[in-house]
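User: Could you walk me through how the pieces of this protein pack together?

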Amino acid sequence: MSHEYCVELVPIFNHLPKESMALISKVAQHRTYKKDDYLFRADESGEALYIVHSGEVRLFHLTHEGDEQLLHVLYPGDFTGEWSLFNTVQNDETFAQVIMDSEICVIPVDKFQEMLLDYPQVALKLLEEMSRRLSQSQEQTIHIANRPIAKRLAWYLTSEIGPDRSTAKVHLPLSRKDLATYLGTTPESITRAFKQLEERGLIDQLSSDVIVVPVVDELRIYI
């Protein structure tokens, strides 16, 4: 795996000159994780910025009842661990688990803090990304709270579709179980919600993980 290519995937770095990205790449460590491995667990000290080069990683919390609450799924170019840059206390809530065999670029927190001093524009990009994630989290809360499951599912499907699409084929990145925890419900309720949307003519289920949305605007209106 090319560390330089890994850095190029990330929006907070890919605006930099090639020479700068090459310098950053030199401090990145390459690690390979197998399916179900953890990048980190709750109560472990934050040590690094983790960049997904290939594969997928899910971030989740555990509720007081011990149930998993999915927060986000990371794809190539996404990163996690940014909280460790500003907080030296332990991460007491978040787990990061590999969904499939993955290659991860790891930048130790002390090295990344040095980069923020050398490249102030990276700090600005990082703040932009953290702001975007906060907005996304707030939007998720709004669409999940007190809404019927079918409308939650419709919102999720539209979030997986680009803004200018009139029709779309959605390849679901989550299992039905993970999708259920993400939307705050049960797998059985998710199955019923898919059926409701299909009966309304808003979607076609080609398989358990491939959904066709014939008219995207109609699905958005339904939300």
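Predicted model: local features only at pLDDT ≥ 70, side-chain atom pairs only at ≥ 80, totals over all residues.

User: OK, helices to begin with. How do H3 and H4 sit relative to each other?

Analyst: The axes of helix H3, residues 109-118, and helix H4, residues 120-144, come within 5 Å and cross at roughly 110°. Because angles from 65 to 115 degrees count as roughly perpendicular, H3 is roughly perpendicular to H4.

User: And which residues meet there?

Analyst: From H3 the contact involves Phe-112, Leu-116, Leu-117 and Asp-118, and these meet Pro-120, Val-122, Ala-123 and Leu-126 in H4. Sorted by class, the contact of H3 with H4 has 7 nonpolar residues, 1 charged residue and no polar ones.

User: Which residues of H3 are buried?

Analyst: Val-109, Phe-112, Met-115 and Leu-116 are buried in H3. Seen down the axis of H3, these buried residues fall within an arc of 110°, so they line one face of the helix. An α-helix has 3.6 residues a turn, so residues three or four places apart point the same way.

User: What covers that buried side, and what is on the face turned away from it?

Analyst: The cover over the buried residues of H3 includes helix H2 (18-26), strand S3 (48-54), strand S8 (102-108) and H4. On the face turned away from the buried side, H3 carries the exposed residues Leu-117 and Asp-118.

User: Switching to H5 and H7, what's the crossing angle there?

Analyst: Helix H5, residues 149-159, and helix H7, residues 187-199, have axes that come within 9 Å and cross at roughly 75°, and the two are therefore roughly perpendicular to each other.

User: Who makes that contact?

Analyst: On the H5 side the contact is made by Ile-149, Ala-150, Leu-153, Ala-154 and Leu-157, and on the H7 side by Ser-189, Ile-190, Ala-193, Phe-194, Gln-196 and Leu-197. The residues of this contact of H5 with H7 divide into 9 nonpolar and 2 polar, with no charged ones.

User: Now strands. Which ones pair with S7?

Analyst: Among the partners of strand S7 is strand S2 (residues 38-40), which pairs with S7 in the antiparallel sense over 2 bridges, with Gln-97 of S7 as the bridge partner of Tyr-38. Strand S4 (residues 57-62) also runs antiparallel to S7 and is joined to S7 by 4 bridges, where the bridge partner of Phe-60 is Phe-95 in S7.

User: Are the S7 side chains buried or exposed?

Analyst: In strand S7, residues 95-98, Phe-95 and Gln-97 point one way while Ala-96 and Val-98 point the other way, and all of them are buried.

Notes
Residues numbered from 1 in each chain as written. Heavy atoms only, no water. Axes fitted to C-alpha atoms, helices over the stretch in contact; angles between N-to-C directions. Parallel < 35°, antiparallel > 145°, perpendicular 65-115°, else oblique. Contact = heavy atoms within 4.5 Å. Nonpolar A, V, L, I, M, F, W, Y, C, P; charged D, E, K, R; others polar. Buried < 20%, exposed > 50% of the residue type's maximum accessible area, 1.4 Å probe, protein only. Arc of directions from axis to C-beta. Pairing = 2+ DSSP bridges.
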